[in-house]
Amino acid sequence: MKRLLRVSLDAAIFSFIPIISWFLLGILVDENLINVFSLTYPIQFIYALMKSIFGVGANISKEKDKDKNVVMSGIVLGIIIGFIVFGFIAINIDSYINFMNMDPNIYHTFGLYSVIQLYIQLIFALILEKLYYEEKNKLANIYTIILNLLNFVVLIVSSLIFKNQTYIIITTLLSILICVVIMLIREFDKFKFNINIIKCIKYDSVDIVNNIFFFIIFLFGLSNAIQYGQEYMMALNFVALITDTQWDAFDAISTVAKIDISKGKFNYLEHRKNGYKLLVVILLSVFLMFIIMWNFYTLDIKLTFIYLAFELVNFMIYPIYRLKTCFLQLEYSAIKITSNKFVASTLRTFLSFLKTPFCTGIGQCCSSIYQFITTSIIFKLNYKVNKKGYIEKIIR
């Protein structure tokens, strides 16, 4: 449980401080800036996609294929490809803002800041994955706290000092970039460039497919929802603010599970129990943030609770189907489980185009229920959990 909490703490800090930063920027600089969180939300899944391939996949490959060079090779390749991808988005930021039905005159500067920040976070995330698989969780915690506090302090202080938005983002981005470069140098290992991209994709194929579809879902789904008016946009953005950090923290369930599965020491019952203990913490933090932040917004209570209800349904069933998905992908069939995820994501994508402001929530719930049912069936047909909590293959 301690290891799960450490990984979830990293994810929570990684997500929570930027959310508070946007909240304070809305107070100190421009009240519209709080909406940048929703504006660049789809791009977060490009970051997650690249982390899956060059971070998670590379580290699993190191463990399963005994290849010591693949981790650093993944980090270097991730930095290069990330520079190209996020650089392209940054150059075309105004076109992206227009597509999201928002005003480039208001969101250009901080939209650009958010994109570049995600690239820097990608580099940092690749370093963290390396530390997790080396079981250096305490060091990962320290790095996470340092970087995010630096980001928060410099961003807020520069907002108080400078009136020019460009000066604010340049000062902040340079500070965190220098910090990440120092951490990268500290964790750099000598290596020969060698990476099998196909294997890296295979080992985390479910999350890779998931992130590709999430990008499409939220790119079109949020653009669709925002068209219905300011009250829908504000309610959707508010729920995202109070649950996104929790989702990032909750995904520690899969991070820890993959580490144990790849090292051959996975105990399903223990992981499931710890997952639901973490869920209690997650839900308490959601309701606490709801109470704290509610008075700072003018929100439609009915719309807010509808959006929140979708999230709560997904929180409740996530630990079971996520753990089974991780195990089945690595020990049963990556192709079959990725195909199942593809079907679930296709269903969610299709529903995100519904002509309703609740399209993203409906798609999310239907996809999660589908995965809960199908992974449980596949698991039950092929495996059983013994009294000690370990998984055994059914011999027919």
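I began with the terms of helix packing: axes are lines fitted to C-alpha atoms, for helices over the stretch in contact, and angles run from 0 to 180 degrees between N-to-C directions. I keep in mind throughout that this is a predicted model.

**Entry: α6 and α8**

I looked up helix α6 (residues 104-133) against helix α8 (residues 165-186) and found an angle of about 5 degrees, with the axes 10 Å apart. Angles under 35 degrees count as roughly parallel, and α6 and α8 are therefore roughly parallel to each other. On the α6 side I noted Thr109, Phe110, Tyr113, Ile116, Gln117, Ile120, Ile123, Phe124 and Ile127, while α8 contributes residues including Gln165, Ile169, Leu173, Leu177, Val180 and Leu184. Sorted by class, this contact of α6 with α8 comes to 15 nonpolar and 5 polar residues, with no charged residues.

**Entry: α3 and α4**

I then turned to helix α3 (residues 44-65) and helix α4 (residues 70-91), whose axes cross at roughly 170 degrees and come within 9 Å. The cut-off here is over 145 degrees, so I recorded α3 and α4 as roughly antiparallel to each other. From α3 I listed, among others, Ile46, Tyr47, Met50, Phe54 and Lys62, which belong to the set that meets α4 residues including Val70, Gly74, Gly78, Gly82, Phe86 and Ile89. The contact of α3 with α4 divides into 13 nonpolar, 5 polar and 1 charged residues.

**Entry: α10 and α15**

For helix α10 (residues 205-226) and helix α15 (residues 334-351), I read a crossing angle of roughly 10 degrees, with the axes coming within 9 Å; α10 and α15 are therefore roughly parallel to each other. Val209, Phe213, Phe214 and Ile217 are among the α10 residues in this contact, and Ile337, Lys341, Phe342 and Arg348 are among those of α15. By class I noted 10 nonpolar, 6 polar and 2 charged residues for the contact of α10 with α15.

Lys64 sits in helix α3 and Glu331 in helix α14 (residues 301-331), so that the pair links distant parts of the chain, 267 residues apart.

**Entry: nonpolar surface patch**

Which residues make the nonpolar surface patch of about 880 Å²? I listed Ile27, Leu28, Val153, Val157, Leu160, Ile161, Leu288, Ile292 and Phe296. Helices α1 (2-28), α7 (137-161) and α13 (268-294) each supply at least two of the patch residues, and I noted that α7 gives the most, with 4 residues. Leu28, for its part, lies in helix α1.

Note on methods
Residues numbered from 1 in each chain as written. Predicted model: local features only at pLDDT ≥ 70, side-chain atom pairs only at ≥ 80, totals over all residues. Heavy atoms only, no water. Parallel < 35°, antiparallel > 145°, perpendicular 65-115°, else oblique. Contact = heavy atoms within 4.5 Å. Nonpolar A, V, L, I, M, F, W, Y, C, P; charged D, E, K, R; others polar. Patch = residues over 30% accessible without salt bridge, like charges linked within 9 Å, V, L, I, M, F, W, Y side chains within 5 Å. Areas by Shrake-Rupley, 256 points an atom, 1.4 Å probe, with all protein chains shown as cover. Salt bridge = Lys/Arg side-chain N within 4 Å of Asp/Glu carboxyl O.
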